[in-house]
Amino acid sequence: MESKSYTEIFKKNGIKATKQRELVFGLLTDSDVPLTVEEIYVGLMEKEKNMSLSTIYRILDVFVEKGLVQKSNITDNKAVYEVVGMGHKHHIICISCGKIIALDHCPIKEYEKALEKETEFEITSHKLVFFGYCPECKKKNEGDHGK
Ligand SMILES: [Zn+2]
Ligand SMILES: [Zn+2]
């Protein structure tokens with residue numbers, strides 16, 4: 001496997017490249033879905049045993065500050081991180097267990113065009129997230145009510 005380097009991206013955004021920053025950014029780039037700090041921690045455990053949660057928080061803070069990574073709060077106590085501008089993805093999130101699935105197409109591209117016409121805005125981006133219960137949690141919920 002070829003090892004990727006994000007030095008150029010970091011340079012462009014005024015971030016000093018370090019091995020740990022490259023690892024965190026690489027993991028986020030390779031992921032289809034936004035990741036929590038804990039997931040990043042677990043994902044990097046094999047490669048970088050010495051990286052603590054607080055180190056990852058610090059690295060993510062720098063990325064967010066420089067606009068490289070976007071932080072979203074799914075619930076009051078769960079935040080996820082994703083790379084900005086790495087393709088356009090929408091997600092569906094389970095409000096019970098926090099599972100996130102990436103949708104592989106954008107359902108409102110056409111609407112965006114219509115909206116531009118209507119408002120004369122130049123639309124540069126949009127956010128769309130779906131919330132609900134995943135199949136497992138749905139089953140659990142039904143179990144609570146039935147019989
Ligand atoms: Zn669930
Ligand atoms: Zn979209």
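**Exercise 1: the metal site**

The donors of the zinc ion (ligand 1) are spaced as C-x2-C-x36-C-x2-C along the chain. The model is predicted, so local features need pLDDT of at least 70, side-chain atom pairs count only at pLDDT 80 or more, and totals for chains, interfaces and linings use all residues. Residues are numbered from 1 along each chain as its sequence is written, ligands are numbered from 1 in the order in which they are written, and side-chain values use heavy atoms, without hydrogens and water.

Task: identify which atoms coordinate the zinc ion (ligand 1), and classify the site.

Solution. Step 1: donors are N, O and S atoms within 2.8 Å of the metal (3.2 Å for Na, K and Ca). Cys94 (SG), Cys97 (SG), Cys134 (SG) and Cys137 (SG) coordinate the zinc ion at 2.3 Å. Step 2: four donors count as tetrahedral if all angles lie between 85 and 135 degrees. The angles here are 103 to 114°, and the site is tetrahedral.

**Exercise 2: the domain interface**

Task: describe the interface between domain 1 (1-86) and domain 2 (88-147), whose bounds come from an automatic or database domain assignment.

Solution. Step 1: nine residues of domain 1 contact 10 residues of domain 2 (heavy atoms within 4.5 Å). Step 2: about 690 Å² is buried between the domains, 59% of it from carbon and sulfur atoms; this is accessible area (1.4 Å probe) lost on being put together, summed over both parts. Step 3: in domain 1, Asp32, Val33 and Ile74 lose the most area to domain 2, together 52% of what that side buries.

Definitions and conventions. Tetrahedral: all angles 85-135°; square planar, octahedral: opposite > 155°, others 65-115°. Buried area = accessible area lost by both parts, 1.4 Å probe.
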